[in-house]
Amino acid sequence: MKSDIVNSQKPVVAGIIDTKTGEFSEMTCNPSAKARLRLKVRDELNPVHGKDAFVVFEFGGVLGIDRIKRAISSANESAVKELEKLYLKFQIHQSEESLARINVKLSLAKKTLEECLGLYDSKQVAARELIESLFSNEIDEISSASSGVSFTISKQKKMLKQLDNH
């Protein structure tokens with residue numbers, strides 16, 4: 001299998017699947033390579049091997065994964081399972097990036113709150129309470145988003161583990 005994946009920390013974002021055998025013939029972590037793979041399937045592989053003999057899967061793009069799974073499911077169940085694992089790894093990566101952005105925003109909000117509170121001494125209770133109330137809703141909202149994404153990541157990792165065990 002040809003691939004540009006060499007110990008990459010990035011997830012697979014696209015690849016080519018032989019629908020007859022379920023074999024992955026090429027995969028990439030580079031989003032800009034998706035078009036090259038689509039053109040290869042359209043212009044090189046399918047004209048030689050027949051319509052829909054090869055299909056491109058891509059995550060985070062316009063082509064749906066369900067269509068690809070249907071195209072290869074009759075050929076090879078292990079290929080469908082591998083595709084599902086790749087898709088989950090992609091989703092986990094996307095969720096982890098989202099969580100990192102949310103946590104940066106949360107840290108910034110907390111730091112800004114502390115800086116604003118630092119402008120007033122402890123005797124200025126009304127001003128400090130106002131600042132805390134203004135920031136508390138935003139901080140609670142961001143914390144809730146962080147918890148939600150963390151929960152999603154744990155579910156995704158559990159699903160990936162289940163796929164690995166079957």
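Biologist: In which strand is E26 found?
Modeller: This is a predicted model, with residues numbered from 1 along each chain as its sequence is written. Local features need pLDDT of at least 70, and side-chain atom pairs count only at pLDDT 80 or more, while totals for chains, interfaces and linings use all residues; side-chain values use heavy atoms, without hydrogens or water. Helices (H or I, at least four residues) and strands (E, at least two) are DSSP runs, numbered from the N terminus. On that numbering, E26 sits in strand 3.

Biologist: Is E26 buried or exposed?
Modeller: Buried means under 20% relative accessible area, exposed over 50%, partly exposed in between (1.4 Å probe, protein chains only). E26 has 2% relative accessibility, so it counts as buried.

Biologist: Which side chain joins that of E26 in a polar contact?
Modeller: A polar contact is a pair of N or O atoms within 3.5 Å; within protein, one must be able to donate a hydrogen and the other to accept it, and residues adjacent in sequence count only if both atoms are side-chain atoms. The E26 contact is 2.8 Å. The partner is K40.

Biologist: How many residues has the largest nonpolar core?
Modeller: A nonpolar core is a set of buried Ala, Val, Leu, Ile, Met, Phe, Trp, Tyr and Cys residues joined through side-chain atoms within 4.5 Å. Those with the most contacts inside this one are I16, I17, F24, F57, F59, L83 and L86. The residue count is 24.

Biologist: Which element gives the largest share of this core?
Modeller: Suppliers of at least two residues include strand 2 (14–18), helix 1 (34–49) and helix 3 (77–117). Domain 1 (8–75) and domain 2 (77–165) both contribute, so the core lies between them. Those bounds come from an automatic or database domain assignment. The largest share, five residues, comes from helix 3.

Biologist: What area do domain 1 and domain 2 bury between them?
Modeller: Buried area is the accessible area (1.4 Å probe) that two parts lose on being put together, summed over both. Here 84% of it is on carbon and sulfur atoms. The total is about 1200 Å².

Biologist: How many salt bridges are there between domain 1 and domain 2?
Modeller: A salt bridge needs a side-chain nitrogen of Lys or Arg within 4 Å of a carboxyl oxygen of Asp or Glu. The salt-bridge count is zero.
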